[in-house]
Amino acid sequence: MASVQRSENLLEGLFSLFPTKTPLYNVCLNRKSLSFIVKGAKENNDNLKNVLISDIIGCKCRKSKTHNDNAAYFSVFAYPFRTKTFSGKRTRYRLELTFAIRTMKNFEDNLKLAQRWRNVILCLTRGVKVEKEGIDVCVPPVGKTILVLINPHSGPGKAKQIFEKDVAPMLQEADVPYKMVVTEHAGHATEIMETLKLSEWYAVVIVSGDGLIYEVINGLMGRPDWSEAIKFPVGCIPGGSGNALCWTINYTAGHRYDFTFHICFDKTQCNSNGLGASRNSKMQYFSFLMVSWGIVADIDYESEKMRALGSTRFTIYALMRILSLRTYKAKISFLPLTEYKPKPLKQRVTENGTVTSRHYSVLNHSQSFHKSVHDSVVEPGMSGSYKPISERSRSVSMPSHMNPNSSNNACEEPKSYVDRTQEDIENFYLENVVEEEQETEPVNIQTDQKSNPEDLKDTVLKNGDVKSDNLVNNNSRKPVPSPLLPPLGQPVPGSWTTLDEDFVTIMALYQPYIGPDNLAAPDSRLNDGCIHLMLVRAGTPKNALLNMFIDMEKGEHINSPYVEVIKVQAFRLEPLSSSGNIMIDGERIDPCVIQGQMLPGISRIMAIHYI
């Protein structure tokens, strides 16, 4: 539990802590925390327990299932941080506190007190300003519904189970209304987002891999009102093989980010994110991740046959493609952010032709991610200059309790007064109370707001189509301006640089991570306004390619003599062969001339992170 500074108490009471009737606790609620201590105990850090308001996601009123119990209960659901003993990692754990109110002689009066506590707690967690004089009429806001899109075939095919087991219970604890839609075919999410009445929804949350995020973004950008629609908040829950956006948010945040926890808040910060606008002769594409060609695209597309293996498929197929190496000839043209200076040949190989890059041992998944996040964080705009997190500034949108440098951050394993395995016991003895509206002012605070798949009949038809009264008419598509890109039939401007060579791979990267353990562009950020163009030329030895993929776990591959990363504003890729694959955010297109530029800050991602 965290220690907090003193603040004016809004509510105070003497309650017991379920499931026992003794001892009694002095319970206090202020704008920063909910605190409790055994009655008569000396007030110190060992005895006084605090739960930060910023860690609480919900509160419900409950009653006993036995007829002779006149107590009313309110349960607080929180997910505070704790620091693991050996690894030092900070993760959230579930904490449920249920207080029993027996102050009054009858249940109805005790329930009014419980409702009072619940209302104030929910107002504080949802950013409503609460004054002590107005707590009797404090009404928590009712948020709009979240649209949840699930791809049941993403990755190993467990996205729906992940949502039902891990995500839905938290949304229900937080009284967040949602509608769940399971996509039925490729492009289904695009069809939904192209025509959805966005004003009726709070956000769209995607439980899948990166492919469904790509569909949602292109659906929003395919609307006539795309310039406003693309600002619609998009959240993600990792449920696929790659989950690159989730890895990027973790990396940018500087710690393991709990996606569901922040989606539970109406006031979740939505951060600007740049999108890549790409075009070939047939259509325009919008991507948040990358455009890849060569060995990386081959691995991404051709490993689809191993999808059931999850992210392991990438490792297996990478080995296969290295052993049976292909090279491709192409022209790559780009508009560099600064004057382009090719990597000198002497930095690529030594005089005797041996590789000058260092070799690194393969760390396990948790080790490599922890090190890359906590030891190798780059300030935006600083190319190749790494800073430890302790030296970085914190975003004003970041709650102080999430700052690793904050003195109010210490969380410890809960003591024996809370048994987190008691949830089944509580459900056996207690039931939720559906509260009635107060006479003074309507209070929409139903305590058991659940979303049932049957409810989807109100929004989604049996064939997966969204009902017409929830849609907007989309009868026209207008191309989104890409001012830096010349027409495909014309040469690139003289300010561009063109390379005509054989390559192993070319990647236009928009984010740091392209998949689990693949920190492809360590200098990149969600909204840094540029494309990180990575080139690996033909002639790269196979052992150097193997080391490149190994070193990509920590972003050290950029130090390889065979890897060149250039910050650019726009690019044009002209494959000179009809073989191979071009992948845009995991979606394949036939090899063709394709060009793209960055649209900085155009979209909004539901995340709170360091900048």
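Which helix lies across S5 and S6? Helix H2 (residues 159-173) does, running at about 70° to S5. Some notes on the rest follow.

1. Ground rules. This is a predicted model, where local features need pLDDT of at least 70 and side-chain atom pairs count only at pLDDT 80 or more, while totals for chains, interfaces and linings use all residues. Residues are numbered from 1 along each chain as its sequence is written, and side-chain values use heavy atoms, with hydrogens and water left out.

2. Overall make-up. The protein has 12 helices and 28 strands; these are DSSP runs numbered from the N terminus, helices being H or I with at least four residues and strands E with at least two. Of its 611 residues, 55% count as buried. Buried here means under 20% relative accessible area, exposed means over 50%, and partly exposed is in between (1.4 Å probe, protein chains only).

3. Surface and contacts. Among contacts with a separation of 6 or more, 73% are between residues 24 or more positions apart. A contact means heavy atoms within 4.5 Å.

4. The cores. The largest nonpolar core holds 111 residues, and those with the most contacts inside it are Leu149, Phe163, Met193 and Ile332. Another core, of 36 residues, lies apart from it, with Leu11, Cys61, Phe99 and Leu124 among its members. A nonpolar core is a set of buried Ala, Val, Leu, Ile, Met, Phe, Trp, Tyr and Cys residues joined through side-chain atoms within 4.5 Å. As background, nonpolar side chains tend to be buried together in soluble globular proteins.

5. Leu149 close up. Leaving out residues up to four places away in sequence, Leu149 touches Val181, Ala189, Ile192, Met193, Val204, Val205, Ile206, Val207, Leu212 and Val216.

6. The eight-stranded sheet. Here the order is S4-S3-S2-S1-S9-S6-S5-S20, in an open sheet with antiparallel pairing. Its edge strands are S4 (49-52) and S20 (430-432), each pairing on one side only. The twist averages 35° from one strand to the next. Two strands pair if DSSP finds at least two bridges between them.

7. The helix on the sheet. Helix H1 (residues 107-125) packs on this sheet, touching S1, S2, S3 (33-38), S5 (56-64), S6 (72-78) and S9 (95-101). The direction of H1 makes about 170° with that of S5. For such angles, axes are lines fitted to C-alpha atoms, for helices over the stretch in contact, and the angles run from 0 to 180 degrees between N-to-C directions.

8. S1 and its partners. Strand S1 (residues 9-17) and strand S2 (residues 24-30) run antiparallel and are joined by seven bridges; they form a hairpin with six residues between them.

9. Five of the six residues of S3 are buried, so S3 is largely enclosed by the rest of the structure.

10. Asn581. Worth a look: Asn581 is in the loop between strand S25 (563-575) and strand S26 (582-584), and counts as buried because its relative accessibility is 5%. Its side chain makes polar contacts with the side chains of Asp298 at 2.7 Å and Glu302 at 3.4 Å. A polar contact is a pair of N or O atoms within 3.5 Å; within protein, one must be able to donate a hydrogen and the other to accept it, and residues adjacent in sequence count only if both atoms are side-chain atoms. Neighbours within four places aside, Asn581 is in contact with residues including Ser292, Trp293, Tyr301, Arg588 and Pro591.

11. Lys179. This lysine sits in strand S11 (residues 178-182). Lys179 counts as buried because its relative accessibility is 17%. The C-alpha atoms of Lys179 and Leu147 are separated by 5.1 Å, although the two are 32 residues apart along the chain.
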